[in-house]
Amino acid sequence: MTSASTPSELAAKLGLDESAFLATLDRYNAAVEKQDDEEFGRKTALRAPLNEGPYHAIQIAPGVHHTMGGVTINTDTNVLNAQKQAIPGAYAAGEVVGGIHGGNRIGGNAVADIIIFGTLAGHQAAMRAQQVPWAMLESA
């Protein structure tokens, strides 16, 4: 985290163009005052102006926290091959599975995936282990 007592000092510490940084800060503060951010089309998350120090900045970088692709499963959590047939003994749950959320997901949905599909996959694998002789599994 980088901290400074004034916006100009913070801009200098961050190596930012001071006039561009101050103009951005002014636009944000005006949006907070109007409770309408026309630049980004939002009317929420405009809780407090940034007009009093100290000022703090952190570096943020994008990252992948959930994939939207992966193996396809059926309702029994069997992994399906390209012909949509269950692969015997292959079960999947969690972020390795694709298609659960369609083209998007709401934050927190992965928790439900892990609990529901993880429990089901574990149950299916345990049932298979009880039904299939170990000699057959070793040769598969």
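Trainee: Is E9 buried, exposed or partly exposed?

Mentor: Burial is read from relative accessible area, where buried means under 20%, exposed over 50% and partly exposed in between, with a 1.4 Å probe and protein chains only. E9 counts as partly exposed because its relative accessibility is 32%. Keep in mind that this is a predicted model, in which local features need pLDDT of at least 70 and side-chain atom pairs count only at pLDDT 80 or more, while totals for chains, interfaces and linings use all residues. Residues are numbered from 1 along each chain as its sequence is written, and side-chain values use heavy atoms, with hydrogens and water left out.

Trainee: Which side chain does E9 meet in a salt bridge?

Mentor: A salt bridge is a side-chain nitrogen of Lys or Arg within 4 Å of a carboxyl oxygen of Asp or Glu. Here the partner of E9 is K13, at 3.6 Å from N to O, and K13 is itself partly exposed, with a relative accessible area of 49%. Both residues belong to helix α1, which covers residues 7–14, and they sit 4 residues apart, about one turn of the helix.

Trainee: How many salt bridges does the structure hold?

Mentor: There are 5 salt bridges, and one of them joins E38 to K34 at 3.5 Å, N to O, with both E38 and K34 exposed. Another links D37 with R42 at 2.9 Å, N to O; in this pair D37 is buried, with a relative accessible area of 6%, whereas R42 is partly exposed at 29%.

Trainee: Where does I116 lie, and which residues form a nonpolar patch with I116?

Mentor: A patch is made of residues with over 30% relative accessible area and no salt bridge, like charges being joined within 9 Å and nonpolar side chains (Val, Leu, Ile, Met, Phe, Trp, Tyr) within 5 Å. I116 lies in helix α3, residues 109–131, and counts as exposed at 53% relative accessibility. Together with V111, I114 and I115, I116 forms a nonpolar patch on the surface, whose accessible area is about 390 Å² in total, as computed by the Shrake-Rupley method with a 1.4 Å probe, only the protein chains shown counting as cover for residues.

Trainee: How many helices and strands does the protein chain have?

Mentor: Helices (H or I, at least four residues) and strands (E, at least two) are DSSP runs, numbered from the N terminus. The protein chain has 4 helices and 4 strands, and along the sequence they follow the pattern β-α-α-β-β-β-α-α.
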